[in-house]
Amino acid sequence: MTAASADLPDWLRLAAVPGLGAERQRSLLAAFGLPRHIFAAGRSALAGVIGRELADAVLAPPPDELIERALAWAAEPGSHVLTLADEAYPRTLLDIADPPVLLYVKGDPALLQRPAIALVGARSATAQGEANAAAFAQSLAEAGLTIVSGLALGVDAAAHRGALAAGSVGSPGGGTVAVIGTGIDRIYPARNAALAREIAVSGAIVSEFPLGTPPLQHNFPRRNRIIAGLSQGVLVVEAALNSGSLITARLATESGREVFAIPGSIHSPLARGCHRLIRDGAKLVETAEDVIEELRGRLGWPAPAPAPKGRRRQGGKAAASHADTPAQPLQQTVPGLDDEAARVLQIIGHDPVDIDTLAGRCGLTVDALYAILLPLELDGHLARLPGGRLQRT
């Protein structure tokens, strides 16, 4: 048993003191040192730092059952409890205003030390939003960045899946970290249980909350500071104006991190949060390379080799310039479409549209249009949005 693991029961006891909170825990640590010194201090010494009522709570008999349960969990393969005194505790969290005293980690704690970017966004994301999240996450993971998100439905889950698809765990960067708002032994939402198991094997799941903590609403905004704190920047993919993603972006700004946002349609409520962030100074991005270029200096990465003349960088790979490439008909860029289906897709554009408006644009009856749209939807070229609208994917 190492010195750090020998001290773990005292750390768990400190974190379990009711009403104490992380700020007062850190005040006690600053005043007395390790937790064992806190519990060895007298009541008057403790009261001078946190008051008499909390001093009594600190010196009360420890919750042995909770501590034993956490120690048993930490003894399982792939389970770790990191404290502020551990070398494995992520250094980036020490820069935030409210670093957690304990972190429960299922998976590889080394991922918490690697260069990372957070990808966050709407739970009720559009099909295009989820596709963007997965594509950006995969490209950024392949470039060497760990993808941090919150395991929620929508953008978060898509970002984790994109990072896992990159298959870059074990490289100097890459992989994915899920920061959750429950105890690490409880996965919320249950629909992401299979994804969580995959992340625990190939990445890491992180929680500051004690085992057994249910999905309490006020815990999720708190976990957002850890998402931002683990990352060198935060990329918001889709967000409404009241989205929790904007909280994460604000916390990132307050901690000196970069904030990025993907713009969307002016008609989409899920683009308004991103547009507000851009107006407030977030970097507008269209490709993964846009993010990497902004973070390159912060990460200490060398500048890329110049692209060949007549070529440009896009998404981290050399690509022909739009100026150098003649426009192609849509039916040539989407194989297998007949002329009429390609024309309808082209008319839809990239903004959501209702069926009556689209029928008017195409000059078709609604019945004739449905006959064209159904195969497009079944083949994954279209997605249905709330309110009966359609959007290209």
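This briefing describes the fold of one protein chain and a selection of its side-chain contacts.

The model is a predicted one. The chain has 393 residues, and buried residues make up 48% of them. It holds 17 helices and 13 strands, and among the contacts with a separation of 6 or more, those between residues 24 or more positions apart account for 68%.

**The sheet**

- Nine of the strands build an open sheet with mixed pairing, and their order across it is E1-E2-E6-E5-E4-E3-E7-E8-E9.
- The edges of this sheet are formed by E1 and by strand E9 (283-284), each of which pairs on one side only.
- Strand E4, which covers residues 146-149, pairs with E5 in the parallel sense over 3 bridges, and in this part of the sheet Val 148 has Val 177 in E5 as its bridge partner.
- In general, the strands of a sheet pair through backbone hydrogen bonds, in either a parallel or an antiparallel sense.

**Helices against the sheet**

- Helix H10 packs on the sheet, where it touches E2, strand E3 (116-120), E4, E5 and strand E7 (233-236), and the direction of H10 makes about 160° with that of E5.
- Helix H13 lies across E3, E8 and E9, and it runs at about 175° to E8.

**Aromatic pairs and a charge over a ring**

- The count of aromatic pairs comes to 2.
- One of them joins Trp 73 and Tyr 104 in an edge-to-face arrangement, with 5.9 Å from centre to centre and 65° between the planes.
- This pair links distant parts of the chain, since Trp 73 belongs to helix H6 (residues 64-74) and Tyr 104 to strand E2 (residues 102-107), 31 residues apart.
- Trp 73 counts as buried because its relative accessibility is 8%, which falls under the 20% limit, and Tyr 104 is likewise buried, with a relative accessible area of 5%.
- The rings of Tyr 188 and Phe 220 form a pair with centres 5.8 Å apart and planes at 55°, an angle between the limits of 30 and 60 degrees, so the pair is tilted.
- Tyr 188 lies in the loop between strand E5 (176-179) and helix H9 (193-202), whereas Phe 220 lies in helix H10 (residues 219-229), so the pair ties together parts that are 32 residues apart in sequence.
- Tyr 188 is partly exposed at 45% relative accessibility, while Phe 220 counts as buried at 12%.
- Elsewhere, the charged end of Arg 13 sits over the ring of Phe 39, at 3.8 Å from the ring centre.

**Salt bridges**

- The count of salt bridges comes to 16.
- Asp 98 forms one of them with Arg 222, and the closest N and O atoms of this pair are 3.4 Å apart.
- Arg 222 is partly exposed, with 30% relative accessibility.
- Asp 98 and Arg 222 also belong to a network of salt bridges in which they are linked with Arg 26, Glu 208 and Arg 225.
- Arg 250 and Glu 254 meet through their side chains in a salt bridge with an N to O distance of 3.0 Å, and because these residues are 4 apart in helix H11 (residues 244-254), they are separated by about one helical turn.
- Arg 250 is partly exposed, with a relative accessible area of 43%, while Glu 254 counts as exposed because its 56% relative accessibility is over 50%.
- A further salt bridge joins the side chains of Glu 258 and Arg 298, at 3.6 Å from N to O.
- Glu 258 lies in strand E8 (residues 258-261) and Arg 298 in helix H13 (residues 288-299), so this pair ties together parts of the chain that are 40 residues apart in sequence.
- Glu 258 counts as buried at 17% relative accessibility, whereas Arg 298 is partly exposed, with a relative accessible area of 42%.

Methods:
Residues are numbered from 1 along each chain as its sequence is written. This is a predicted model: local features need pLDDT of at least 70, side-chain atom pairs count only at pLDDT 80 or more; totals for chains, interfaces and linings use all residues. Side-chain values use heavy atoms; hydrogens and water are left out. Rings of Phe, Tyr and Trp (its six-membered ring) pair if their centres lie within 6.5 Å; planes under 30 degrees apart count as stacked, over 60 as edge-to-face and the rest as tilted. Helices (H or I, at least four residues) and strands (E, at least two) are DSSP runs, numbered from the N terminus. Buried means under 20% relative accessible area, exposed over 50%, partly exposed in between (1.4 Å probe, protein chains only). A charge sits over a ring if NZ of Lys or CZ of Arg is within 6 Å of the ring centre and within 35 degrees of the ring normal. A salt bridge is a side-chain nitrogen of Lys or Arg within 4 Å of a carboxyl oxygen of Asp or Glu. Two strands pair if DSSP finds at least two bridges between them. Contact means heavy atoms within 4.5 Å. Axes are lines fitted to C-alpha atoms, for helices over the stretch in contact, and angles run from 0 to 180 degrees between N-to-C directions.
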